[in-house]
Amino acid sequence: MSTTEARTEEPVFDAEFVNDLHARYAEIRGTTPVQRMRTQNGLPVWVITRYADARAALADPRLSKEGARIREVINANLPPDSDRRAFDDSLAAHMLNTDPPEHTRLRKLVVKAFTSRRVEALRPRVEEITARLLDGMAERSEVDLLDAFAFPLPIQVISELVGVDQERRDEFRAWTNDLVDADRDAAGKAVVAMAQYLVELIADKRTHPGDDLLTALIHATEDEDRLSDQELVSMVFLLLVAGHETTVNLIGNGVLHLLRHPEQWAALREDPDLVAGAVEEMLRFDGPVTHGTFRFTTEPLPVGDQVIPAGQVVWVGLAAANRDPEQFPEPDRFDITRDAHGHLAFGHGIHFCLGAQLARLEAQVALRGLVERFPHLSPAAPLDEVQWRFSTLIRGLRALPVHPHG
Ligand code: HEM
């Protein structure tokens with residue numbers, strides 16, 4: 001076993017890489033289980049590309065997500081002249097940035113409020129919002145599917161679920177957008193604005209409790225433990241960002257691939273009950289999260305025949321793992337009838353996506369609604385010219401122009 005030294009040609013995770021993501025990953029995965037790359041800021045990151053390794057890494061306690069230390073690790077690994085140091089971000093003190101036992105404690109409290117029953121109870125409302133958005137599309141001969149449908153649906157749902165005021169929702173979209181796109185100054189400003197709003201929102205819910213998740217979170221207790229105000233702010237922040245930026249792209253990327261494979265669209269049109277399997281294949285084939293969030297090695301970590309040294313930033317390549325031919329035969333074939341079971345699009349282990357049930361519900365309702373209402377949906381621009389957003393975390397399109405009526 002050897003410690004992988006810096007390779008002479010380290011790929012850079014830039015816009016070009018993102019535009020050719022799956023081909024680039026296929027090349028790397030075929031060569032090495034772990035590849036040292038650089039972000040555009042010059043930060044070295046180690047990307048795990050094979051399914052079995054990725055799944056094991058997601059459950060490995062030697063990979064930590066502890067927020068304060070990860071900032072140190074990132075800053076220590078950045079080139080000395082970098083002006084892109086990770087900033088101390090109070091909103092980031094949430095469970096996705098903690099290890100056990102803190103993670104266990106936070107997750108227990110939120111699970112109490114974010115129950116399966118609460119999610120399933122949203123179904124009629126999701127159907128209503130979907131129908132209204134589809135009505136809006138029906139009046140037009142050409143629309144951007146993201147703008148008209150894929151964005152507003154999850155935003156409306158998560159905002160209602162959490163209890164964000166109607167009039168603040170556009171601001172929220174702008175803030176979360178600034179957070180995941182790679183402009184640091186805009187992200188810093190968005191963090192401050194969101195934190196301020198969330199503090200006000202929580203104060204308001206304390207005096208005016210509602211039938212919403214935030215009120216339930218305020219009152220959630222476990223062995224007399226409860227969330228502090230600071231924990232509430234970061235928890236709500238996590239739910240809102242996760243609920244805004246992911247499901248959008250599940251719908252967007254999924255519809256892109258259905259349009260690229262008209263026979264699959266036709267199969268779904270003939271039998272809308274294929275929708276649950278279709279959503280799983282959409283998650284596997286081109287899910288909304290490229291890598292899991294940042295992790296770092298607390299000690300040397302063997303991956304296949306390589307070792308990642310201690311104190312290094314690691315990306316678990318969800319998108320790469322989901323196209324590993326060892327796990328999914330003919331992985332580059334998009335097939336809504338295949339068994340996509342076991343994909344890693346929602347992560348794995350203790351940080352497995354808390355919103356998976358909600359995301360599946362929304363995507364299934366959305367897709368069924370779309371195919372039933374617009375059976376002849378067609379692209380309004382060449383599909384091989386689509387532009388991907390540049391983000392290290394999110395995999396999503398800039399736009400998807402379609403003709404709803406064909
Ligand atoms: C965690 C994906 C929708 C809430 C995660 C992780 C992934 C993921 C990959 C783990 C990240 C890691 O381990 O580094 C997705 C995808 C979604 C989606 C693909 C949509 C298709 C949602 C929604 C919500 C949500 C709608 C909230 C309502 C969360 C939370 C965590 C999480 C709270 C952190 C869990 C923990 O740390 O224990 N998600 N997510 N997600 N997701 Fe999602």
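**View 1. Phenylalanine 296 and its bridge partner in β10.** In this predicted model, phenylalanine 296 has valine 313 of β10 as its bridge partner. The strands concerned are β7, residues 295-297, and β10, residues 313-316, which run antiparallel and are joined by two bridges. Valine 313 is also the bridge partner of valine 45. β10 and β4 run parallel, with four bridges joining them. Valine 313 is listed, together with Val314, among the residues with the most contacts inside the largest nonpolar core.

**View 2. The six-stranded sheet.** The strands of this open sheet follow the order β2-β3-β4-β10-β7-β5, and their pairing is mixed. The edges are formed by β2 (12-13) and β5 (63-64); each has a single partner strand, so one side of each is without a neighbour in the sheet. Helix α4, residues 67-77, lies across β4, β5, β7 and β10. The helix runs at about 110 degrees to β10.

**View 3. The hairpin of β3 and β4.** β3 (residues 34-39) pairs with β4 through five bridges in the antiparallel sense. Four residues lie between the strands, and glycine 42 takes a positive phi near 90 degrees. Is β4 enclosed or open to the outside? Four of the five residues of β4 are buried, so the strand is largely enclosed by the rest of the structure.

**View 4. Valine 307 in β9.** Valine 307 belongs to strand β9, which covers residues 306-308. There are 16 other C-beta atoms within 10 Å of valine 307, which is therefore classed as partly exposed. Valine 34 is 273 residues away from valine 307 in sequence, but the C-alpha atoms of the two are 8.6 Å apart in space.

**View 5. The largest nonpolar core.** This core has 106 residues. Among those with the most contacts inside it are Ala54, Val162, Leu217, Val236 and Phe237. Helix α13, residues 229-245, gives the most to the core, with 10 residues. Which residues does valine 162 touch, leaving out those up to four places away in sequence? They are Asp212, Leu213, Leu214, Val236, Leu239 and Leu240.

**View 6. Helix α5 and its buried side.** Helix α5 has 12 residues, 102-113, and reaches 18 Å from its first C-alpha to its last, close to the expected 16 Å. The buried residues of α5 are Leu106, Leu109 and Val110. They cover an arc of only 95 degrees around the axis, so they lie on the same side of α5. These buried residues pack against α12 (213-219) and α13.

**View 7. Helix α18 and the helices that cover it.** The 18 residues of α18, numbered 356-373, should span 26 Å at 1.5 Å a residue, and the end C-alpha atoms are 25 Å apart, which agrees. The buried residues of α18 include Leu358, Ala359, Leu361, Glu362, Ala363 and Val365. Arg368 and Gly369 of α18 are buried too. What covers the buried residues of α18? The cover includes α6 (116-120), α7 (123-138), α9 (152-162), α14 (247-260), α15 (262-270) and α16 (275-286).

Notes. Residues are numbered from 1 along each chain as its sequence is written. This is a predicted model: local features need pLDDT of at least 70, side-chain atom pairs count only at pLDDT 80 or more; totals for chains, interfaces and linings use all residues. A nonpolar core is a set of buried Ala, Val, Leu, Ile, Met, Phe, Trp, Tyr and Cys residues joined through C-beta atoms within 7 Å. A residue is buried if 20 or more other C-beta atoms lie within 10 Å of its own, exposed if 12 or fewer, and partly exposed in between; C-beta atoms are placed from the backbone. Two residues are in contact if their C-beta atoms, placed from the backbone, lie within 7 Å. Two strands pair if DSSP finds at least two bridges between them. Axes are lines fitted to C-alpha atoms, for helices over the stretch in contact, and angles run from 0 to 180 degrees between N-to-C directions. The expected span of a helix is 1.5 Å times one less than its number of residues. The arc is that of the directions from the helix axis to the C-beta atoms.
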